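Dear colleague,

I am handing over the structure below, and I would be grateful if you could look through it before we next talk. My notes on what was found in it follow directly after it.

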Amino acid sequence: MRKLGAIGKHAFLLIVSAVSLFPFLWMIIGMTNTSSDIVKGKFSFGSEFFNNVNRLFEQANVGTAFLNSLLIAVIGTLLTLLLCSVAGYGFEIYRTKGKDRLFGVLMLSMMMPFAAIMIPLFRLFSQWGLLNSAVAVILPTMTTAFMIFFFMQNTKSFPRELLQAGRVDGLNEWKLFTHIYMPTMKPTYAAAAIITFMSNWNNFLWPLIALRTAEKKTLPLVVSSLASSYNPDYGIIMVAIVITTLPTILIFFLLQKQFVQGMLGSVK
Amino acid sequence: MKKKALSTLLVTALMAGALSACGSSDNSTGNTSNSEAEGGKQKVVAWAWDPSFNGKALKIAEEIFKQEHPDFELEVVDMAKTDLEQRLNTNLAAGVTEGLPDILLVNDPNIQKYVNSYPGTFAEFTNSSVDFSQFSQYKVDALTVDGKIYGVPFDIGVTGLFYRTDILSEAGFSAEDLENITWDEYIEIGKVVKEKTGKYMSTINPNDEAWTSILLQSAGSWYITTDNKGNFVNNPVMTETLRLYKAISDSGIAKPVTGWSEFVGSFNAGDVATVVSGVWQIASIMDAEDQKGLWAVAPTPRINIEGGVNASNEGGSNWFVFDGSANKELAMDFLGSTIGGSSEFYERFLTEAGGVGSYIPAFSSEAYQQTSEFFSNQAIYADFTEWSTKVPGISLGMYTQEAKDALKNELPNILNGADLEKSLANIQQLFEQQVQ
Amino acid sequence: MRGSLNKSSLIGWQFVLLPSALILLFSFFPMVQSFILSFESGKGNVSEYVGLGNYSRLLSDPMFRQALFNTILYLIVQVPIMLFMGLIIAHLLNSPKLKLRGFYRTAIFLPCVTSLVSYSVLFKSIFAVDGIFNKLLMNLHIINEPIAWLMDPVWARVVIILAITWRWTGYNMIFYLSAMQNIDPSVYEAASIDGASKFRQFFSITIPMVKPIILFTAIISTNGTLQLFDEVVNITNGGPGNATMTISQYIYNLSFVYTPNFGYAATVSYAIVIIVAILAFLQMKIGGEKK
């Protein structure tokens, strides 16, 4: 009976994994085929890989775009983790009616479609003379109600006895945060880092508007430009997409260990 | 104490971000709107999509212009068409001129929309050095708003009936059978092809209005009237177009597709016998190297109605110049003496990028007379340019997209056999609701 | 007591002040401008004050009604399926004894990283008339004739729902997985000794323990669905007809595809804000902020 359950479990997970992996596999296969084979639906490895890679690097400045994306995503993610965890902690641990109301108001900002605030935001950054810089991309995206909310909800299950114990040991309130909360909440930080890195890395609309010169472009902008040609070359698009995808997968690989260890394990 | 550590960390991180950004932002080629002479250089910035087509055209034009203006420099910022439209609208709506280019690529249906939505933003070419009588009239018509011409005509999408000679001859049809036919004849041929070869005659995509657009223009009509009213009711061309659309759909000769890659895939894989599309489709058709010598092009089928001709257009764009640009004169001069009046440009544009323009003097050049091995040694460009002179001129108006979406909304009902007249009234009503 | 509360409250404000100020500056300041804009109508930069004109137009706008209907349909059908699947998968993957769990975790997370461009091309080709899915169903003799999935209003919506679920289940799983780390494994051990089945443990231990995160994912998914844009634009472009069009796509069209009417687009955006705010409020109430 137990064994049957285990088989069922694996069968279910295998099917879900296969369905999830399929498009990814297709992309990898696509990298090795010509555009016309891809649109015809060929599903076997071809011999065009190096050809596609060479043409991609001829057509687009992938290296610069990669570095631009990396700079924005890494700095943006670190700032987001810091600012949003501080706020999430503050809203939950020192909960008052006033703060609850403020948070409710902040939540509204999450619900506004970005396209609707883009034009005033653009005007603001133009007045500040900050357009076409990484700062312009990072500033509006680094504090989100979404991530504050995430930290708040996770803090609800944070064992407050630990804080009490810390106070007894004479730690001040900020030290409680940096010395007790931060190390304890590693799994939460790891999940937040993955999600934030991914959304920064893939962010499209605002970088498109805020960055205007070719050497500032991020990877998603390059991919979008490639994909919109009158006669799109899906071979090189696939290569560009795989390059775009890899860093997030890498971050996921690196950080997912945090889920394995477990929070209580790390405290003990 | 640790509060300090934290805020130090925060400030450091912010500074790092700011510094790295500044470090890379100085000395950028930015400042495009007033990118005046840097040490004698005259630089002009252009926004365009598709670097291998539109970008390539600008490069050719730059080379030609440089022969007489060695100090001239052009920077092309390439981005997807939809991305370009977003950036342009955001910039203009925010009233920010910083970051706008000097030259802008605008496709035909957006001309009136931009000119009317952002008055005074785009330079007028009416009395410029460009001789508009040298261009196909329908292209100039599209660029004219209230009697003024707002740009330089660029590529065209004159349509043709691309067909697979092998499939059609297997079904018993020769080249003459496809010359100057009507859409009803096309459907009949399609039925025979389907029966004898098992191949579809064409594709059909209910989410894409390309096909209805081609039919409407071939009879000199459009989704909207010249004064931007819906043109669905009491429009015989519209009625006939939708009747034909339903007939094609019902006949089973068209393979349903839902996207561009599927559409291209259908003819690259040899699933369809014909493709009715703009001249720019040549590049995608030629991607299937195994089909070399198996293709030919005939004139577009016509609507059997008064004014219907065997020629139409799908797509095409134009170059605009910003009126407020510091380099306005230079940009206009550049466009005027290349894309706006150089036969050499159009010959090179055809040979190097496969692009067809509407500049009539170039049509007699050698480049336009070349035959194509891929297309059974047909002088395809000579044919296309000849058809281009027959395309009826229409005003695309301001609300083409709104009208297309109103039509799209009702299309499933029409295909399901709803009363056409009632459907057209619905479309008209929805359209008017949308553009209030 | 009072003094210490005040002090604690004051320290709390230190934590929340800067992040809140940043959100107010970068989101609320533009939102206020956008609100002012919602009383104007016109084309591009040529617009005029219309008072509540946009709001009354909204109430009688058939396109908006269609988009709202579609969006709410996605919300009601898709969000519960996705969250429940995410929870079950996270629960299975949380067992330390499970073999291959690193592989499963990565595989299931991958869809939300995979570029939209590639997966839309792929989804379209899978559900094409001569696509894999039709071939499969025909080989299994479930259907005799290929079905044009993306051209049928009902099936096209089903495909969109499948696409969103495919893309975002792994994303939600991450939140659950990280939250499940907060559960002490000894709780499960004790339950096992007491003879509680795995099934029972899932409902009586896992779900209550990660409740705050379930509430979180429910709210962000509601919000995400109401702002749904990418999938629809890339897979069906709103069609057939406008059967799959979403509110976000409508806002986008009003601003960047049609002759731009930024005022009306702002009005439609505020409609989203109001709907999400109401739903989030209800979820908070139901999701039980007991204390």
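Helices and strands are taken here as DSSP runs, a helix needing at least four residues of H or I and a strand at least two of E, and they are numbered from the N terminus. Please keep in mind throughout that this is a predicted model.

I begin with chain C, where an unreviewed UniProt entry annotates residues 68-283 as "domain: ABC transmembrane type-1". Under "transmembrane region", the unreviewed UniProt entry lists residues 12-32, 72-94, 106-127, 202-220 and 262-282 of chain C. Of these, residues 202-220 of chain C are 95% helix and 0% strand, with end C-alpha atoms 23 Å apart, and residues 262-282 of chain C are 100% helix and 0% strand, with end C-alpha atoms 30 Å apart.

Leaving aside residues up to four places away in sequence, C:Tyr176 touches C:Gly86, C:Leu87, C:Ala90, C:Val210 and C:Ile213.

As for the contact between chains A and B, 41 residues of chain A meet 45 residues of chain B. On the side of chain A that touches chain B, the elements giving two or more residues include helix H4 (62-93), helix H6 (114-127) and helix H10 (173-184) of chain A. By class, that side of chain A has 21 nonpolar, 15 polar and five charged residues.

Chain B, finally, has 17 helices and eleven strands. A compact globule of 436 residues would have a radius of gyration near 22 Å, and because chain B has 24 Å, its value agrees with that expectation. Along the principal axes, the C-alpha atoms of chain B fill a box of roughly 80 × 55 × 45 Å. Buried residues account for 53% of the 436 residues in chain B, and among its contacts between residues at least 6 apart in sequence, 77% join residues at least 24 apart.

Conventions:
Residues are numbered from 1 along each chain as its sequence is written. Chains are lettered from A and ligands numbered from 1 in the order in which they are written. This is a predicted model: local features need pLDDT of at least 70, side-chain atom pairs count only at pLDDT 80 or more; totals for chains, interfaces and linings use all residues. Two residues are in contact if their C-beta atoms, placed from the backbone, lie within 7 Å. Ala, Val, Leu, Ile, Met, Phe, Trp, Tyr, Cys and Pro count as nonpolar, Asp, Glu, Lys and Arg as charged, and the others, Gly among them, as polar. UniProt positions are given in the numbering used here, feature names are shortened, and annotations may be inferred rather than shown by experiment. The radius of gyration is taken over C-alpha atoms; the globule rule is 2.2 Å times the number of residues to the power 0.38. A residue is buried if 20 or more other C-beta atoms lie within 10 Å of its own, exposed if 12 or fewer, and partly exposed in between; C-beta atoms are placed from the backbone.
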